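Please load the model in your viewer and keep the selection tool at hand. The tour below goes from stop to stop, saying what to select and what is there.

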Amino acid sequence: MRVKFCGTTSLADMQSAIDAGCDAMGFIMGVTHQSSDFVTPAEAAKLIRQLPPFIEPVAVTHLQETEDLIGLVNDAHCTTLQIQNIVEPSEIDIIRDALPYLKIVKAVHVTDESAIETGKLYEPYADALILDTRTAEKIGGTGIAHDWNISAAIVANSAVPVILAGGLRPENVAEAIRKVRPYGVDVHTGVKKDGIRNPERTLAFAREARNALREG
């Protein structure tokens, strides 16, 4: 089970995720909705320079304009782009043409069963989907779980890898994985303690995620 820790802002955050054996690390940039733990592209680039090999740096952003998204990736030196907001599917092709090396992950907000149709819309254009929760103010990092039955239906019928996010924490990630069977899981607020990424909770999340299917 692949694990991504999102909302990285410091070397301490990075080390917690590295020690937990993460596969990917998310840097939140280009924020237009309410969000926490965001950094500038320059700050992200400085942190990414310290990443060891085989950990994927992911630019997580609310930006929607194609040129802004391309500029963000170039400035931050990320190799994966996670688009949290609404973009036209055809715009993803433009980004891909400009940055052929880039992997593109498109967020699908699971508010109701319409998310199944949304996922199908983006499948031909994205390298993966990430199923997340949103509120009126936030399009990620809500700490709220959504209906895993809908997420499971998306995973079962998807032609591309699907990552599960939204309200995951060490206490529920194993149950979520057994229910949804995603390609990977993504966590932000669920491994915090007193507003900061907590090393013990980070380790526990990775352990529970990776043991989930062995136990189930």
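Are α6 and α7 parallel or oblique to each other? Before selecting them, note that this is a predicted model, in which local features need pLDDT of at least 70 and side-chain atom pairs count only at pLDDT 80 or more, while totals for chains, interfaces and linings use all residues. Residues are numbered from 1 along each chain as its sequence is written, and side-chain values use heavy atoms, with hydrogens and water left out.

**Two helix pairs**

Select residues 148–156, which form helix α6, and residues 173–180, which form helix α7; their axes lie 8 Å apart and the helices pack at an angle of about 45°. The two are therefore oblique to each other, a word used for whatever is left when angles under 35 degrees count as roughly parallel, over 145 as roughly antiparallel and 65 to 115 as roughly perpendicular. Helices here are DSSP runs (H or I, at least four residues) and strands likewise (E, at least two), numbered from the N terminus; axes are lines fitted to C-alpha atoms, for helices over the stretch in contact, with angles from 0 to 180 degrees between N-to-C directions. Showing side chains, you will find that α6 makes the contact (heavy atoms within 4.5 Å) through Trp 148, Asn 149, Ser 151, Ala 152 and Val 155, and α7 through Glu 175, Ala 176, Lys 179 and Val 180.

Next, select helix α2 (residues 41–48) with helix α3 (residues 66–76), whose axes come within 7 Å and cross at roughly 40°, which makes α2 oblique to α3. Pro 41, Ala 44, Ala 45 and Ile 48 of α2 meet Leu 72, Asp 75 and Ala 76 of α3. By class, this contact has six nonpolar, no polar and one charged residues, where Ala, Val, Leu, Ile, Met, Phe, Trp, Tyr, Cys and Pro count as nonpolar, Asp, Glu, Lys and Arg as charged, and the others, Gly among them, as polar.

**An aromatic pair**

Now select Phe 5 and Phe 205, whose ring centres are 5.9 Å apart with planes at 65°, so the pair is edge-to-face. Rings of Phe, Tyr and Trp (its six-membered ring) pair if their centres lie within 6.5 Å, and planes under 30 degrees apart count as stacked, over 60 as edge-to-face and the rest as tilted. Phe 5 sits in strand β1 and Phe 205 in helix α8 (residues 199–215), 200 residues apart, and the pair thus links distant parts of the chain.

**Pockets and a cavity**

For the largest pocket, select Ala 24, Glu 56, Thr 80, Ile 163 and Tyr 183, which lie nearest its centre among 19 lining residues. The space in this pocket is about 410 Å³, and β1 gives the most to the lining, with three residues. On a 1 Å grid over the protein atoms alone, a pocket is an open set of points with protein on both sides within 12 Å along at least five of seven lines, a cavity is a set where a 1.4 Å probe fits but cannot get out, and lining residues have an atom within 4 Å of a point. Grid points are joined across faces, edges and corners, and a volume is the space filled by probe spheres set on the points.

The second largest pocket has a volume of about 180 Å³; select Ile 86, Ala 107, Val 108, His 109 and Thr 118, the closest to its centre of 13 lining residues.

Finish at the largest cavity, with a volume of about 240 Å³, by selecting Cys 6, Asp 132, Gly 140, Gly 141 and His 188, the closest to its centre of 23 lining residues.
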